[in-house]
Amino acid sequence: MASYSSLTDLIPVQSQLDYALEDATTPQEKESLNLPNWPLTRLQWLNTGAPLSLRTELSGKVVVLDFFTYCCINCMHILPDLRQLEQQHSVEDGLVVVGVHSAKFPNERVLENVQSAVLRYDITHPVVNDAEARLWTELDVSCWPTLVLLGPRGNLLFSLVGEAERQRLALFAGVALRHYGARGLLRGHGVGVRLFRDSLPPSVLSFPGKVALDPAGKTLAIADTGHHRVLLVASTGQVLHSIGGPQSGWRDGDLSEAQFNSPQGVAIKGQVVYVADTENHLIRKIDLSVGKVTTLAGVGVQGTDKEGGGTGLEQPISSPWDVTLGTAGGEEDNVLWIAMAGTHQIWALFLDDGKLPKGSTSARGTCVRFAGSGSEENRNNAYPHKAGFAQPSGVAPAPATPWSCLFVADSESSTVRSLALTDGAVKHVVGGERDPLNLFAFGDVDGKGVDVKLQHPLGVAWDPNSSLLYVADSYNHKIKVVDPKTKQCRTVAGTGEPGGTLGPGFSESSFNEPGGLCVGAGGKLLYVADTNNHLVKVLDLQTQTVSVFPVLPAAVDGPAEVDSGARKLPKLPKSTPVVEMPLLTVSPGQTVNLELRLSLPDGTKLTEEVSSFWSIMAEGNDWLLDSQVISGDITDLSRSHAIRISVPATAASTNPTLTLNAWVYCCQLQGGACMMRAVSFKQALQIDPTSRQDLVSVTLARAL
């Protein structure tokens, strides 16, 4: 048999193997198909202690290479297939899955962003960052996802393109393992897997995907996607309900028992929250009035139906990414609009009887396609079923005239589109280009209409007060605003680089792949799910400032955590100012008096419902704080807070550092946004055995 080094050359040989395997015949013996000497060890690796090589760690293994890009919904769909395969065949059995991340968007080439995706998707096998597409080019890979199977000598066996290949993947991998195992060519050694997630500290939120504010403006719903839960939070930041998590699953029932799997979109009205339970492929309902979670649509596995029309648990759906309430030929809010990312469509779930534009009447519980052919395109059309979307990931209703439409964040075409509620016509608003098949027209350009360039926008929010549409331009790490009347688009906030800086103004503030946003306080505030920063941020559109929205765990409807008795400290934001104090010389037995003096921003007050507090630590020198008060509440900023630390009489001549952190929760006097402000003081000490006075004072002052 001849030697092959690319997928194109392999196609004729693979076709013969495909037919043989499908007929359940014994696979014919295959000679080694030598691969090029790939520069694997010179690429960036995740989930391993060191780079892997075909000649060492991967030698004697059947290797599945998963060529993927983390924006791609089809790539997400095959991750469960790979997990199932890894459960069936372990590394010791001779199987290794390696993710080869070959980016579509420039933002996806950055290692830190790939790391976030590996965490967000709970990928536990090795991943190599093919940032310059070197492996992609070597093997003539042409689309995402592509799976390539290698034999134990690095020989090409076959490839699978696209999703819905679970059975063939399992069949081919199983045959290869049996074939090479019978010939003694497999080795059971480990490959040095070291999960990146194990090195990270815990955080209150984990990759929050979407946020929604109830019509009264008192409760914020947060899809805490990475923790597989939904949080309902008061405007002060106090958690009212925590539903689901920490593990993924599908379970209806009491709030304390319910489970979700990477929920994204949320819509809230009164005591009811609707949830796009994305990786369960379900639409869920949280009813606080009865304390129950139920499933409204979906069967719990990815569906392929692109028409719909079934009811409840009989209708399969695929990766719902966002939801919003609306009205369609019936009572107000009788329908839930769904951004069905998995089939590139917009669907409708009827909460009561209604009718789509130009459609027949749909009974309560019906889940049906509204717009989109199911082909991944940037195609606008007067007929909704002939239009094409490309992974729609955000929807925002603008029901009043003259708009009467849904605005759609169409992520893979990098556009914002409109879907008319009167006749279903799909129109372009900003971004992309005129060729409906070109899904690579992206960038970061403000302007008008098609001249605007976005990069994988995931969220939209409509402000009816100003008739403006806000956009989470996710891969540009920006918040933008669109005037749909003029099709003008401009940047509101963000530097264009990933980060966590807060201000002082909008242009100096940074975000990291914000995934969702909503409008509050009558158009004065924007709440933003700053996904990769694990935060919700508040943009005050009047003062042009950005603050962190405090999330303070209190009520827990899901599985309870063990209380250690100590105050649970929230994680300091990356943008927290650190104040380095001059070196202070002290002696054993001496008392250090730290005078904490903080002042609030103008026009704000301490939040009464939530306690502000300070905490002190001496990392690596815990003996310095033994039996001393290490935290306390901050109740009044009109006076200083005295914090006294006694240096032990037996202290040796060392140079420890005291770190005092303060978390201050405040709200605007006029009833607007609540926020958390933090500061960290570092006081280095030099312990001198020379006897000194009993008390030495230091002032720690900061305007927040």
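Buried here means under 20% relative accessible area, with exposed over 50% and partly exposed in between (1.4 Å probe, protein chains only). The model is predicted, so to speak for local features takes pLDDT of at least 70 and side-chain atom pairs count only at pLDDT 80 or more, while totals for chains, interfaces and linings use all residues. Residues are numbered from 1 along each chain as its sequence is written, and side-chain values use heavy atoms, with hydrogens and water left out.

Buried residues account for 58% of the 704 in the protein.

Now to helix α3, residues 79-88, whose buried residues are L79, D81, L82 and L85. These sit on the same side of α3, because they cover an arc of only 155 degrees around the axis (taken from the directions from the helix axis to the C-beta atoms). Their packing partners are β2 (62-68), α2 (73-77), β3 (95-101), β5 (146-150) and α6 (166-182), a contact being heavy atoms within 4.5 Å.

As for contacts between residues at least 6 apart in sequence, 59% join residues at least 24 apart.

Terms used: Helix = DSSP H or I, 4+ residues; strand = E, 2+ residues; numbered from the N terminus.
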